[in-house]
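Open the model in your viewer and keep the selection tool ready. This tour goes from stop to stop.

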Amino acid sequence: MRFLLDTCTIVWWCFESARIPASVREHLQSPQNEAFVSVVSPWEVAIKEKLERFSEYPPNLGDRVRAEVASH
């Protein structure tokens with residue numbers, strides 16, 4: 001199965017995987033499935049950081065999300 005992850009799911013995956021339901025985590029971790037990330041997600045993270053919508057996360061969240069996505 002193929003998944004297109006939304007921005008919040010990507011952030012949760014990077015920092016708070018407990019917020020992702022167990023069934024979804026199982027699908028994402030399965031080698032039979034493919035997870036995709038939109039090229040817009042890092043841009044969206046940067047915008048939301050400037051609007052202080054992700055203030056509960058570490059600074060430079062956009063950079064961390066880009067690095068995490070690039071490593072997979």
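This is a predicted model: local features need pLDDT of at least 70, side-chain atom pairs count only at pLDDT 80 or more; totals for chains, interfaces and linings use all residues.

Residues are numbered from 1 along each chain as its sequence is written, and side-chain values use heavy atoms, without hydrogens or water.

**Stop 1: two helices.** Select residues 7-15, helix α1, and residues 41-50, helix α3. Helices here are DSSP runs (H or I, at least four residues) and strands are E runs of at least two, numbered from the N terminus. The axes of α1 and α3 lie 9 Å apart, at an angle of about 85°. Axes are lines fitted to C-alpha atoms, for helices over the stretch in contact, and angles run from 0 to 180 degrees between N-to-C directions. The two helices are therefore roughly perpendicular (65 to 115 degrees).

**Stop 2: the contact.** Show T7, I10 and V11 of α1, then S41, E44 and V45 of α3. These residues make the contact (heavy atoms within 4.5 Å).

**Stop 3: two sides of α3.** Pick S41, P42 and V45, the buried residues of α3 (under 20% relative accessible area; exposed is over 50%, with a 1.4 Å probe and protein chains only). They pack against β1 (2-5), α1, β2 (34-37) and α4 (61-70). Now turn to the other side of α3: W43 and K50 are exposed there.

**Stop 4: the loop.** Go to E52, in the loop between α3 and α4. E52 has a positive phi of about 60° although it is not a glycine. Most residues other than glycine have a negative phi. E52 is exposed, with a relative accessible area of 62%.

Key
Angles under 35 degrees count as roughly parallel, over 145 as roughly antiparallel, 65 to 115 as roughly perpendicular and the rest as oblique.
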